[in-house]
Structure formats: C-alpha cells, structure tokens
Amino acid sequence: RVDADVDRTEDVDLGVDDVELSVPIVAVVGRPNVGKSTLVNRILGRRQAVVEDVAGVTRDRVAYDAEWTGRHFTVVDTGGWLPDAKERAKAIATQAEIATQTADVVLFVVDATIPPTADDEAAVKMLRRSGRPVILVANKVDNARIEGEISSLWGLGLGEPFPISALHGRGAGDLLDKILAALPEAKPAVPREAGPRRIALVGRPNVGKSSLLNKLAKEERAVVDSVAGTTVDPVDSLVDFGGETWHLVDTAGLRKRVSHASGTEYYASLRTNAAIEAAEVAIVLLDASEVISEQDQRIITMVIESGRALVVAFNKWDLVDEDRRHQLGKEIERELRRIPWSIKVNVSALTGRAVDKLAPALNKALENWERRVPTGQLNQWLTALVQQTPHPIRGGRAPRVLFATQAGVSPPKFVLFTTGVLDPGYVRFVERKLREEFDFLGTPIHITVKPRK
Ligand code: GDP
Ligand code: GDP
C-alpha cells in the first residue's frame, strides 16, 4: 500500500527534461545463456558481484557502476528471458524499452557457437528501430577456430561482429575500448570549492541569529578573518567552532547587530535567499518560545528549493517549559511534516545549551547531501522494492520501474527509468523507502522520473 502524505510534493520532481545524467549508460541485451552476466562480470572486473541466478526466479535487470581507463559508465544487465513464448515476447519488449529509452550504447550479445535464432532476429529488429548505436558482441569465441566461423553473424545486419570470450577474457579489453569510443563525451565533474564549509545562518528577526553567532565564535577562538587559499566576501566571516573553521555567509548584519528597522522585509528576504544560495548548508533558526510562523516556513521553503542541506535549530530553549515543549511537539508534527528528514537541535544562544551539537549536525547533513549510492546497490534495493510493492494499477495497466541511477549529488538526485508516468504518491513512497535504506538525514533529495518517450 502506498501511503500518500500529500504535503511533501515539493521534494518530488516529476519533470523529465531537467536532468543531465552524469555517466553514460551501456545496456547489455540478448537472449538467455548467451553470456550476458558473464560479460557484465567481466566488464566490472569482478569488483562487484552480480547476483547469482536463483532457479525458478527471473533475474531482473540490474545496473552497476563500471570503469575502464578512467572513464565511468553504468552497465545495465537486462536479465534473462523466460522460456515460454508469450513471456519471452514481453521480455524482449522490456529489453527494447531499456535499450531505446536509456542506453547510450547497446551491447547485443549472441552465442557465436550456434547459429542465430529467431529470437536473436526479433531482438535485432527492435534494436534497429531504437536508432541507438549497437555493438554486436559474438560471445563464447574461446579460440581462433571459433573466430573463423563468426562471419555468418554479418547476416544479422548489425555490422561487424565483435568476437570475445566473456568467460576467459579473450577480446574483453578491445571490446571495452570500442564501448568507450562509442560513448558520448564525458562531462567534467565540477569539483567542490575547496576551503571551509559554507553555512547560512538564517531566521526571522529576533530569533537570536547574532546571539548565536557570538556564542559560536566565543566557543573557541574569536572570529578569524582569513584562511590561506580561501576567498571570503567582505560580508562573510570565518568562524571556528566544533574543532573546525566554517565559512559563514553574509554575517555583516549579524556581527554589527544592525537595527531590525533597517531595510524592508522584502529586502531581508532577498538577502536571506542569497545567503542560502551561496551556502552549502543552512541553519534555520527558530524561536522555540514562539509559534512557528509563516515567515519561518518561507525560509524553510527557500532552503528546500535551493536544494541545500538543512539543520533546524530551535533557539531560546531556556524559555521552553514543560507546557511549551508539549505544544511545540505538536506544532513540529503539523508545521514541519514536509521536512521529516531535517536534523533538529534545541539550543540556547543565551546559556550555550547544546551549541556544541551544531557542528556534528552540520557535518552529518553535509555528508548526506554529498552521498552517492553505488548503482549496483541502488538497483538491487530498488528491484526488491518494486517487486514487493509494485506501482498501483491505473486503467488496467501499471507503469514499471526499470532501473535507477544517481545522476548527481549536493543534493542527491535520482533518475527512475520507467515504462510510464508514475503517481506522485508512488514517487513519494520510493523516496521514503530510499531515505529509510540509505541515510539522507539533513538533505533534500530529488527524484526525476523518465518515462518512455
Ligand atoms: P546470460 O543468461 O546471457 O546472462 O548468460 P550467462 O552469463 O549466465 O552464461 C550462460 C552460460 O554460458 C554459463 O554457463 C557461462 O559460463 C557460459 N559462458 C558465458 N560466456 C562464455 C564464454 O565466453 N565461453 C564459454 N565457453 N562459455 C561461456
Ligand atoms: P537576531 O535578530 O536573529 O539576530 O536576534 P538577536 O541575536 O539580536 O536576539 C534577539 C533577542 O533575543 C535579544 O534580546 C537576545 O538577547 C535574545 N536571545 C537570543 N538568544 C536567546 C536565547 O537563547 N534565550 C533567550 N532567553 N533569549 C535569547
């Protein structure tokens, strides 16, 4: 059962065209027993184990991270076909979907020791329609004698057969070179800016931002002004706390304790937004002695929308009595239910209570903000999840999730390749389970669904 808690829609990104995959996808297609799994294992160099076939259970498609001479790509093992003809046609169609929707290059694997079958030919037809580049892999070419016999494979109409022995490794290196040559240019990954972590300390007027900054700065050394190799805006501060240096964005107003009358609320809100955008993680400071307000909510929304890591700090905890604590608990449940994943700390800038909890909370949120889940692990988990809880049937059909990749970090971005549009409720279900399985406390995550075109 998919439980739709409708308040969290902002985490779910149903757009299909706003995501760029960071690594290309290579799909391995072919009928059962031609050696697809053996080839995938060969490509992975046995660094990751492919799940063994279990008798009577269809092996499902699984994706893995692969690397050859420094280039990274995702290999999708499209799995086996079932023996009965009807199921087989469906399985061929599924491979076609994967190949046409997602792959940058398709490896079509045949067993070179036997003549092409009708199934091979059916698969070739659909691959041709896909318009994707296909490499015809003639597998089980264990020796030169077999290699001499592969010329009949030209008849498939996919061009020159590429002989390999997945089992013994013969020709595997050359095949990998050929795969890389067929892949689109790699986009260089943008490295994280070096230097201290950038934090925005934000919250509406009077929640205690400047008090907290002063408290933090006093915990260890005073506010430092420069760190070698780091450029800091004049309005920023470098502050030591929790045993490290942090880059606090836009602290000009906080340090000088400017009067709150200066500047309109609109201007203040623009400034808050700019600080969040310039930061990696935001501490949203709330006044625990007061009701969570519209203005607090707007600031939280800014953090979610800019995709920054988030720590929510309830300040003025010294003013919170038993009654207020009870009331606040209910308020959090109601008002902050869209961010169940945020890290919450209860502090007092006045007394210094729990101020030492901030650095670990920030580090935790940042670590999860940058978390990358290995593709194999992600897909093994996802395959089990969608088998256990498939998408609900809509108009007699249910879209299927084919596989997923993590397209980026900061915040983590996932792409689900599917056979159709998914219900927002199902995407939220996948997100919640993803969060349960892998630790994403303190970070928004984006899930994009890529249905069949
Ligand atoms: P899949 O169903 O297409 O994934 O095929 P598998 O990878 O499970 O391989 C099917 C059978 O073919 C297994 O017994 C493999 O050991 C064998 N096999 C795979 N590659 C080769 C090869 O290059 N040479 C030989 N002789 N056998 C192979
Ligand atoms: P800012 O506008 O967010 O920078 O808030 P300030 O730091 O100027 O604090 C506003 C008021 O709240 C000041 O009178 C502070 O002394 C008071 N204040 C700040 N933190 C605390 C706290 O933890 N406990 C209590 N009781 N008062 C606080």
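Which residue in β9 is the bridge partner of Ile-199? It is Leu-248. Keep that pair in mind. One note before we go on: this is a predicted model.

Let's stay with strand β7. It covers residues 197-202. Five of its six residues are buried, so far as the burial count goes, and the strand is mostly covered. β7 has two partners to look at. One is strand β9, residues 244-249. The two run parallel, and four bridges join them. The other is strand β10, residues 281-287. Here too the pairing is parallel, over four bridges. Within that pairing, Ala-200 has Ala-282 of β10 as its bridge partner.

Now the ligands. Start with ligand 1. Its shell holds 15 residues. Gly-35, Lys-36, Ser-37, Thr-38 and Leu-167 are the closest. Which helix gives the largest share of that shell? Helix α1, residues 36-44, with three residues. Sort the shell by class and you get four nonpolar, eight polar and three charged residues.

Next, ligand 2. This one is surrounded by 16 residues. The closest are Gly-208, Lys-209, Ser-210, Ser-211 and Leu-350. Helix α6, residues 209-219, supplies the largest share, three residues. By class, the shell around ligand 2 has six nonpolar, seven polar and three charged residues.

On to the core. The largest nonpolar core has 112 residues. Four of them have the most contacts inside it: Phe-108, Val-137, Val-284 and Val-311. Take Phe-108. Set aside its neighbours within four places in sequence. Phe-108 is then in contact with Val-29, Gly-30, Ala-123, Leu-127, Val-134, Leu-136, Val-137 and Leu-158.

Leu-175 sits in helix α5, residues 172-182. Is Leu-175 buried or exposed? Buried, because it has 22 C-beta neighbours inside 10 Å, and the cut-off is 20 or more. Leaving aside neighbours within four places in sequence, its contacts are Val-137, Phe-162 and Ile-164. Look also at Ile-135. Leu-175 and Ile-135 are 40 residues apart in sequence. In space, C-alpha to C-alpha, they are 9.1 Å apart.

Last region. Find the open sheet of three strands, in the order β13-β14-β15. Its pairing is mixed. The edge strands are β13, 401-408, and β15, 446-450, and each pairs on one side only. From one strand to the next, the twist averages 25 degrees. β13 and β14, residues 413-418, run antiparallel, joined by six bridges. Which residue of β14 stands opposite Ala-404? Leu-416.

Finally, Pro-399. This residue lies in the loop between α12, 375-388, and β13. Why does Pro-399 count as buried? Because it has 21 C-beta neighbours inside 10 Å. Not counting residues up to four places away in sequence, Pro-399 touches His-391, Thr-418, Thr-419, Gly-420, Val-421, Leu-422 and Pro-451. Take Leu-422 from that list. Pro-399 and Leu-422 are 23 residues apart along the chain. Their C-alpha atoms are separated by 6.6 Å.

Technical notes:
Residues numbered from 1 in each chain as written. Chains lettered and ligands numbered in written order. Predicted model: local features only at pLDDT ≥ 70, side-chain atom pairs only at ≥ 80, totals over all residues. Near = placed C-beta within 6 Å. Nonpolar A, V, L, I, M, F, W, Y, C, P; charged D, E, K, R; others polar. Buried ≥ 20, exposed ≤ 12 C-beta atoms within 10 Å, placed from the backbone. Pairing = 2+ DSSP bridges. Core = buried A, V, L, I, M, F, W, Y, C linked by C-beta atoms within 7 Å. Contact = placed C-beta atoms within 7 Å. Axes fitted to C-alpha atoms, helices over the stretch in contact; angles between N-to-C directions.
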